[in-house]
Amino acid sequence: GINAEYGVGTVSAMSSLAMSPRQRHELNEHGFTVLESFFTGDELAGLLEGVEALRDRLASSQQASTDGVPRASRADPMCLDLIDHPRILPYVVDAMGWNIHTRDCLLTAQPPLAGAAAPDELALAWHFDQEEEFTGVTQDGTLPLVELKVSYYLSDHSRDGSACTLVVPGSHRWTAHQRSSWEATLRPEHVVPLRVPCGSVLLWRSSILHAVAPHTCDHWRYHVFVLSPLTHG
């Protein structure tokens, strides 16, 4: 479950279904932990087949956002399977406790863009996910752990141009002033690119500063993420 240690919601060590001490430390201190190559073999092959079918299903039904990227809903069978995946859900419970629900489940599917995109243009600009929803919900001026984000990387994100997630470790601990002035202080050495192979999973606080690196690769990019906030009552 969560507690208020260090003035910010942290994942406690009272009980653990799946999360190791190292993973717990990384989630508390850095704001994220990576389960590299979590899915392999037949399980990964099934997920890849499923995500391609989902992409085609969304395209045929014209379910897309304003930027043309297909986005699934949590009612889709594949999303439902990922929301309560029997090997991932224990990590979510370790972080958030049992009293949780799913706020959203989205698929980002981007076609090959080799030679078509600007090599220095971010695929998604720097931002915090929780600025509007949780402004004012702080402990000692920092945002508590009120939501866990689970990212499923169902394509290779390890190469240059594969649109890997960029994060600023520890930015979930920033004060309101730091969160409002980061553009003046952010330096390249603060940024960590999460170059992970296909089948990896990222557990992270959506309150950390993050972006998506340029997408210039020659293959489809698939990224499914599930948002699980804390529920009261």
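This report walks through the confidence, sheet, cores and salt bridges of one protein structure.

## Model and confidence

This is a predicted model, in which local features need pLDDT of at least 70, side-chain atom pairs count only at pLDDT 80 or more, and totals for chains, interfaces and linings use all residues. Residues are numbered from 1 along each chain as its sequence is written, and side-chain values use heavy atoms, leaving out hydrogens and water.

The score pLDDT is the predictor's confidence in each residue, from 0 to 100. Its mean for the protein is 83, with 79% of residues at 70 or more. Where is confidence lowest, and where is it highest? The lowest mean, 36, belongs to strand 1 (residues 2-3), and the highest, 98, to strand 3 (residues 32-35). Helices (H or I, at least four residues) and strands (E, at least two) are DSSP runs, numbered from the N terminus.

Four strands form an open sheet in the order 5-10-7-8, with antiparallel pairing. Strand 5 (124-127) and strand 8 (192-194) are the edge strands, each pairing on one side only. Two strands pair if DSSP finds at least two bridges between them. Strand 5 and strand 10 (residues 210-212) run antiparallel and are joined by 2 bridges; in strand 10, Val212 is the bridge partner of Leu124.

## Nonpolar cores

In soluble globular proteins, nonpolar side chains tend to be buried together. A nonpolar core here is a set of buried Ala, Val, Leu, Ile, Met, Phe, Trp, Tyr and Cys residues joined through side-chain atoms within 4.5 Å. Buried means under 20% relative accessible area, exposed over 50%, and partly exposed in between (1.4 Å probe, protein chains only).

The largest nonpolar core has 34 residues, and Ile88, Val150, Tyr152, Leu154 and Val201 have the most contacts inside it. Helix 2 gives the largest share of this core, 5 residues. A second, separate core of 11 residues includes Trp126, Val168, Ala211 and Ala213.

## Salt bridges

How many salt bridges does a search of the whole structure find? The search finds 9, where a salt bridge is a side-chain nitrogen of Lys or Arg within 4 Å of a carboxyl oxygen of Asp or Glu.

One of them joins Arg173 to Glu29, with the closest N and O atoms 3.5 Å apart. This pair links distant parts of the chain, 144 residues apart. Arg173 is partly exposed, at 24% relative accessible area, and Glu29 is partly exposed too, at 30%. Asp129 and Lys149 also meet in a salt bridge (2.8 Å, N to O), and both residues are buried. Asp156, Arg159 and Asp218 are linked in a network of salt bridges.
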